[in-house]
Amino acid sequence: MSSLAELREGYERFDPCAYLRNNYLPPRADFSSEEFVVPWKLRCLADTFASGEIRGQTLIDVGSGPTIYQLLSACDHFEEIVATDYLAVNREELGRWVRGDPGAFDWSPFIQHVCKIEGRGEPWQDKERRLRDRLRRILPIDVHRPDPLGAPLDPPADALLSAFCLEAVSPDRAAFARALLHVGSLLRPGGHALLLGALGESFYLAGPARLPVVPLALADVRAALAGAGLALRELRSYEMPPALRTGVDDVHGVFFAHAQKPPQGH
């Protein structure tokens, strides 16, 4: 497996536009059926936020990459959303979307789908505007440092979200578990952590970059959450159908985990 230094070097070649094309256009982003992977991910998040239990002042999204789909159900429940990424090119891509720059990736099919499954009859443009208003900070992060943001988040986040980040930036399972422990420090006691990630994946492509991934099983996810002091509330998994195995990675499936940091005194 690669060392952390080799991983960082690989990410210097990461192409956000190629990554978005590979994963967030058809066939993977097909909204005609909930059987497809992108609607499955959006459904996990919509169902979890629909309970109304996960809410507060601040949600931090760890390793946002160049994507915002993972924040669409969250944005109704928090005053501020903090996006983070290690790569300047991804932070710039997010900034383009927030500002509505020409040439920014078009997330409107995702926003329309989330509004449909949430079923509140809201015009999708309202949700788009709300997420742009609440996505006020886009910060650099390094999940391999005990203090991933370089200083503690003050106040700590009420909730933490991370999609397809930790397993894609860790050289091995131990580094994945440590990274989860580090990002867990950004969360207040009693706060919620939501993770989406790859199962059984060893690489993915993003333009000229071929990036290694730690192949995780559900047991690895459970063990890492326990090691980070997070109590598992729900764990779901999705098996990637053959039609969506397009050669841009070798992912076998996707997991969704909802865990909670114990309240103080527990």
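Before I talk about strands pairing, the rule: two strands count as paired if DSSP finds at least two bridges between them. I also keep in mind that this is a predicted model.

**Entry: a hairpin**

S6 and S7 make a hairpin, with two residues between them. Gly207 sits in that turn and has a positive phi of about 70°.

Arg210 lies over the face of Phe203, at 3.9 Å from the ring centre. Elsewhere I noted Arg132, whose charged end sits over the ring of Trp97, 4.5 Å from the centre of that ring.

**Entry: the whole chain**

I stepped back for the overall numbers. I count eight helices and nine strands in the protein chain. The C-alpha atoms fill a box of roughly 45 × 45 × 30 Å along the principal axes.

Next I looked at burial and contacts. Buried residues make up 53% of the 266 residues. Of the contacts between residues at least 6 apart in sequence, 74% join residues at least 24 apart. The protein chain exposes about 11,100 Å², and carbon and sulfur atoms supply 51% of that.

**Entry: strand S2 and its neighbours**

Which strands pair with S2? On one count, strand S1 (residues 56-61) and S2 pair in the parallel sense over five bridges. I picked out Gly56, whose bridge partner in S2 is Phe78. S2 also pairs with strand S3 (residues 135-140), again in the parallel sense and over five bridges. There I picked out Val82, whose bridge partner in S3 is Arg137.

Then I checked how covered S2 (residues 78-85) is. Seven of its eight residues are buried, so the strand is largely enclosed by the rest of the structure.

**Entry: Ala159**

I moved on to Ala159, which lies in strand S4 (residues 157-163). Is Ala159 buried or exposed? The relative accessible area is 2%, and the cut-off for buried is under 20%, so Ala159 is buried.

What does Ala159 touch, leaving out residues up to four places away in sequence? I get Ile54, Thr58, Leu59, Ile60, Phe78, Leu187 and His192. Phe78 in that list is the S2 partner of Gly56 from the entry above. I also took a distance to Gly184, 25 residues from Ala159 along the chain: their C-alpha atoms are separated by 9.8 Å.

**Entry: aromatic rings**

A search of the whole structure gave me 14 aromatic pairs. One of them is Phe31 with Phe110, edge-to-face, 5.1 Å centre to centre and with 80° between the planes. Why does that pair tie together parts that are 79 residues apart in sequence? Phe31 lies in the loop between helix H2 (16-24) and helix H3 (37-50), while Phe110 is in helix H5 (residues 108-118), so the pair ties those parts together. Phe110 is buried, at 2% relative accessible area.

Where are the cis peptide bonds I noted? One runs from Pro26 to Pro27, with omega near 10°. Pro27 is in the loop between H2 and H3. Another joins Asp154 and Pro155, with omega about -5°. I placed Pro155 in the loop between S3 and S4.

Last, I looked at Phe164, which is not a glycine but has a positive phi, near 55°. Phe164 sits in the loop between S4 and helix H7 (173-184). At 19% relative accessibility it falls under the 20% cut-off, so I log Phe164 as buried.

Note on methods: Residues are numbered from 1 along each chain as its sequence is written. This is a predicted model: local features need pLDDT of at least 70, side-chain atom pairs count only at pLDDT 80 or more; totals for chains, interfaces and linings use all residues. Side-chain values use heavy atoms; hydrogens and water are left out. Rings of Phe, Tyr and Trp (its six-membered ring) pair if their centres lie within 6.5 Å; planes under 30 degrees apart count as stacked, over 60 as edge-to-face and the rest as tilted. Helices (H or I, at least four residues) and strands (E, at least two) are DSSP runs, numbered from the N terminus. Buried means under 20% relative accessible area, exposed over 50%, partly exposed in between (1.4 Å probe, protein chains only). A charge sits over a ring if NZ of Lys or CZ of Arg is within 6 Å of the ring centre and within 35 degrees of the ring normal. Contact means heavy atoms within 4.5 Å. Accessible areas come from the Shrake-Rupley method with a 1.4 Å probe; for residues, only the protein chains shown count as cover.
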